[in-house]
Amino acid sequence: MAGMDVEMRGNAIDEMLKKKRDLNPLPEPETLDDLVQGLKIIFQDNEINVEEVNEYMSKYKTNAREWYKYAKFDHHRYTRNLVDQGNGKFNLIVLCWGEGQGSGIHSHSDSHCFMKVLDGTLDETMYSWPSDSEDERELQKTETHSYGKDSVAYINDSMGLHRVENSSHTNTAVSLHLYSPPFDMVECFDQRTGHRKKVRVTFYSKFGQRTPFGCTSVETLEPENN
């Protein structure tokens with residue numbers, strides 16, 4: 001009964017916060033800092049309204065002067081650069097993609113994943129989860145998408161797996177990702193066999209500052225060699 005009471009109180013608080021926002025809508029985010037502060041208000045709720053977050057992130061028009069300090073590239077792999085920890089409710093991260101760089105096929109640890117392209121173009125390939133009844137089978141592609149500047153996309157594990165790539169060999173790309181709840185472990189998948197492995201993801205930089213060199217052997221989700 002106590003657990004039910006806590007849940008009911010949480011739902012009542014969510015309803016109160018939503019009604020308050022309906023009466024006093026959040027102003028459109030004119031800067032990256034506006035976006036961060038508005039997301040913190042939205043994520044006061046216990047439940048996530050995916051459409052609300054998508055719409056709010058779409059309203060921010062990218063300005064390189066505001067995110068440039070977080071955009072740290074590496075010649076060998078894409079990088080994950082922490083912008084804000086969202087009062088423990090989410091991580092907001094700038095990902096920097098050099099020419100031709102991409103992730104491996106991965107899941108999202110039962111988290112919500114929102115992606116907004118800040119610069120360039122990113123391609124997403126989605127896959128079905130591998131069958132538990134088969135030892136080896138090539139992962140099945142289900143959808144492909146291309147996202148340009150200011151586009152927003154969303155995925156969670158119920159929708160499948162995906163890979164994100166900067167297919168351009170002449171231009172870099174930058175994206176802003178929100179993960180809720182935050183995580184530091186995901187599953188990465190071999191496209192040819194469907195085999196999976198646990199992969200730790202860490203940060204290339206935090207709040208605009210490069211993390212210590214000894215802590216940056218980042219097992220980012222690199223695509224397997226075919």
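Buried means under 20% relative accessible area, exposed means over 50%, and partly exposed lies in between (1.4 Å probe, protein chains only). By that rule Tyr-179 is buried, at a relative accessible area of 7%. This is a predicted model: local features need pLDDT of at least 70, side-chain atom pairs count only at pLDDT 80 or more, and totals for chains, interfaces and linings use all residues. Residues are numbered from 1 along each chain as its sequence is written, and side-chain values use heavy atoms, with hydrogens and water left out.

**Aromatic pairs**

- The whole structure holds five aromatic pairs (rings of Phe, Tyr and Trp, the last by its six-membered ring, with centres within 6.5 Å; planes under 30 degrees apart are stacked, over 60 edge-to-face, the rest tilted).
- Tyr-78 and Trp-97 are stacked, because their ring centres are 4.4 Å apart and their planes stand at 15°.
- Tyr-78 sits in the loop between helix H4 (64–67) and strand E1 (79–84), and Trp-97 in strand E2 (residues 91–97), so the pair ties together parts 19 residues apart in sequence (helices, H or I, of at least four residues and strands, E, of at least two are DSSP runs, numbered from the N terminus).
- Both Tyr-78 and Trp-97 are buried.
- Tyr-179 and Phe-183 are edge-to-face, because their centres are 5.1 Å apart and their planes stand at 65°.
- Phe-183 is buried too, with a relative accessible area of 15%.

**An exposed loop residue**

- Where is Glu-30 found? Glu-30 lies in the loop between helix H1 (2–23) and helix H2 (32–42).
- Glu-30 counts as exposed because its relative accessibility is 67%.
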